Amino acid sequence: MGVGVSIRRFAGAVSVLASMVVGYVACVPVAQAQGKAAVDTEKSVPLPPGLDKRFMDTTADPCVDFAQYACGNFAKLYPIPSDKSSYGNFHILYDHTQKVLHALLEKAEADSPSRTPNEQKIGDYYATCMNTEAIQAKGLKPLQPELNRIAALQSKTDLTALLAHYQLINVNAFFGYGEQQDFKDARKQIAAVDQGGLGLPERDYYLRTGEAAEKTRAQYVEHITKMLTLIGEPAAAAASDAKKIMDLETALAKISMDITSRRDPKNIYHPMPAAELATLAPVIAWPAFFEATGVAGISELNVTNPDFLKGMNALIGSTDLDTIKAYLRWQLINGIASTVLPTALDDENFNFNGRELSGQPEQEARWKRCVASTDGALGEALGEVYAKEYFPAKSKQETVQMVHDIENSMDREIGTLTWMSPETQAKAREKLHMVADKIGYPDHFRDYSKLTVVRGDAIGNSIHAVEFENHRQLAKIGKPVDRGEWGMSPPTINAYYNPSMNDINFPAGILQSPFFDPNASDAVKYGHIGAVVGHELTHGFDDQGRQFDGNGNLADWWTADDGKKFDAMTDCEVKEYNGFTAIDDVKLNGKLTLGENTADNGGLRLAYMALLEDAQRKKTDVNAKDASGFTPLQQFFIADGQNWCGSTRPEQLRLQVQTDPHSPDKFRIIGVIQNMPEFGKAFGCKVGQPMMPANACRVW
Ligand SMILES: [Zn+2]
């Protein structure tokens with residue numbers, strides 16, 4: 001399964017709904033790579049405070065380059081380690097949290113009779129992942145039945161059963177499949193069939209012109225060749241198959257919708273009776289397909305991209321069975337988690353996805369990858385133990401208070417918007433009041449009792465965890481929505497907004513220093529976690545979120561005139577970010593990043609207004625320097641800037657700009673403060689200086 005945007009492949013499925021779920025950062029957990037273990041000292045990773053003066057370059061002028069001023073020394077203190085493609089404040093916290101999880105897992109892996117069933121599962125999953133000798137000894141034997149199944153295909157009619165099985169083990173050959181809340185009726189959970197079938201990160205990787213793109217494609221064909229060789233194909237046949245596979249995937253890319261268009265929910269919403277899907281793509285026997293995935297009797301579903309299904313049908317029809325078989329072998333070996341494969345395959349996977357695509361010199365240490373894969377497979381079992389031991393009740397209470405403050409400041413701000421009619425303002429407030437706040441971890445943890453984890457069976461454990469999760473997702477179809485469900489595990493260093501749920505979610509992982517430093521000043525707290533909260537809340541009102549109402553339904557609650565004005569205001573941000581150059585000839589895509597940029601801009605303003613309100617209550621002078629040497633307002637902006645201290649390897653930067661709706665770190669700092677004259681005032685800048693332009697954008 002796996003419909004929607006997934007940058008890293010974890011064991012858990014990504015349902016179609018994920019394509020509208022918006023996270024705070026792209027992908028801190030780096031679960032894919034491995035090889036030779038990077039040196040690890042096993043010391044605990046100290047967390048920086050909310051405002052870290054060591055990171056600042058005070059020789060820089062904050063009015064000329066605020067990113068340099070707030071973070072200019074960060075890379076000197078924290079150069080990118082050889083096992084990372086980027087490194088920033090998020091990674092410091094990620095490394096810290098991984099060590100904590102590591103200790104929990106080492107405790108759980110000791111085979112004691114007092115282990116709870118969940119401790120047995122996470123402990124054995126982790127121990128099995130760490131046992132590379134056993135993985136090596138078994139080799140590809142556990143995958144042989146899968147490979148035999150492909151070899152046994154007699155005709156294209158046999159594809160239905162095989163592709164259904166593939167979807168359940170996260171091999172998205174030809175298309176994607178999953179479940180989602182119905183965009184227009186969020187109480188309903190329906191099946192969804194999506195475009196899919198690609199092995200490169202995104203459609204445009206197949207179609208873009210230029211030297212860098214051509215080099216990546218050549219490396220990709222080489223990578224497929226090597227992987228096929230490693231599963232036993234003679235070199236010449238593998239090379240010839242790789243070319244055919246590349247042609248087939250390129251043809252699939254050509255009929256796929258681009259990621260920017262996919263951000264508009266209307267573009268990926270085409271509900272239809274199941275019978276209509278049968279006329280779009282009769283090459284698959286859909287009723288049998290659904291039944292084979294455990295959900296019989298599907299009468300209606302969302303076909304995200306009907307043209308793709310039609311094109312795919314024609315493509316399968318015109319491709320010979322041997323090429324299809326080669327493509328299926330490749331998709332299988334590429335879809336299985338790399339950590340459970342023999343070293344040669346794991347290394348080759350890293351060579352392409354880590355080294356060539358992301359510029360990462362070395363694979364992460366084995367234990368880091370196994371911690372990440374256990375979190376991916378059993379996130380709420382591991383997260384339950386983690387949250388109980390490491391998430392203080394006080395952090396939860398303070399965050400709840402902060403969220404309420406920021407919701408109140410949004411309520412007030414909406415009333416001051418001169419461009420929006422009172423009618424739309426009232427509707428916006430109505431939606432705001434319906435947002436559900438989720439903080440730390442779920443009220444009810446997931447039940448893993450039906451998932452069996454066997455010590456020593458790495459491939460089996462990985463596949464069973466994936467199947468378990470996909471069955472869990474598909475079982476939702478036709479049932480009432482569980483509004484308490486979480487889409488991220490408790491230790492995750494991230495946050496998200498989900499428009500169908502209309503909820504904002506802050507896992508325990510991100511509620512730690514520096515993002516939430518219990519000892520920091522109020523101003524620093526508002527600049528850090530306050531900006532994160534404001535960001536997620538604003539997602540409910542960005543170009544995507546604004547199309548959903550308080551109940552999570554795709555429904556237009558805007559007057560036509562206000563809708564037009566919103567588009568014009570956001571156009572200012574599109575132009576602003578289009579003007580930023582990430583690297584060489586690669587500019588930011590202002591339309592792809594619009595939702596995130598709107599959330600960054602609106603979020604910081606909300607946090608700023610909440611800080612002022614808080615200061616008024618406490619009678620703090622926000623313009624008076626304190627012992628830190630900075631005024632509270634300056635502390636606020638520096639803390640926000642330091643959310644994004646970090647550096648990124650050139651290859652990873654290119655990958656990010658081409659696939660990720662989040663702007664690179666530097667532009668998350670300066671793109672926002674350039675739009676806040678309040679920043680310029682706090683630092684004594686003059687209008688016309690780079691960080692205080694005359695033509696600032698504002699939406700919320
Ligand atoms: Zn976001």
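Trainee: How far apart are the closest N and O atoms in the salt bridge that Asp83 forms with Lys368?
Mentor: This is a predicted model, in which local features need pLDDT of at least 70 and side-chain atom pairs count only at pLDDT 80 or more, while totals for chains, interfaces and linings use all residues. Residues are numbered from 1 along each chain as its sequence is written, and side-chain values use heavy atoms, with hydrogens and water left out. A salt bridge is a side-chain nitrogen of Lys or Arg within 4 Å of a carboxyl oxygen of Asp or Glu. For Asp83 and Lys368, the closest N and O atoms are separated by 3.0 Å.

Trainee: How many residues apart in sequence are the parts that Asp83 and Lys368 tie together?
Mentor: Helices (H or I, at least four residues) and strands (E, at least two) are DSSP runs numbered from the N terminus. Asp83 sits in the loop between helix H2 (74-77) and strand E2 (86-88), and Lys368 in helix H17 (residues 366-390), so the pair joins parts separated in sequence by 285 residues.

Trainee: Are Asp83 and Lys368 buried or exposed?
Mentor: Buried means under 20% relative accessible area, exposed over 50% and partly exposed in between, with a 1.4 Å probe and protein chains only. Asp83 and Lys368 are both buried.

Trainee: Which residue forms a salt bridge with Asp124?
Mentor: The closest N and O atoms of this pair are 2.8 Å apart, and the partner is Arg455. Asp124 lies in helix H4 (residues 117-130) and its partner in the loop between strand E7 (436-440) and H20, so the pair ties together parts 331 residues apart in sequence. Asp124 is buried because its relative accessibility is 6%.

Trainee: At what angle do the axes of H7 and H20 cross?
Mentor: Axes are lines fitted to C-alpha atoms, for helices over the stretch in contact, and angles run from 0 to 180 degrees between N-to-C directions. The axes of H7 (residues 159-168) and H20 (residues 458-474) come within 8 Å, and their crossing angle is roughly 100°.

Trainee: Which residues of H7 meet H20?
Mentor: Contact means heavy atoms within 4.5 Å. On the H20 side are Val466, Glu467, Asn470, His471 and Leu474, and on the H7 side His165, Gln167 and Leu168.

Trainee: With which side chain does the side chain of His165 make a polar contact?
Mentor: His165 is found in H7, and counts as buried because its relative accessible area is 15%. Leaving aside residues up to four places away in sequence, His165 touches Arg149 and Glu467, among others. A polar contact is a pair of N or O atoms within 3.5 Å; within protein, one must be able to donate a hydrogen and the other to accept it, and residues adjacent in sequence count only if both atoms are side-chain atoms. At 2.9 Å, the side chain in polar contact with that of His165 belongs to Glu146.
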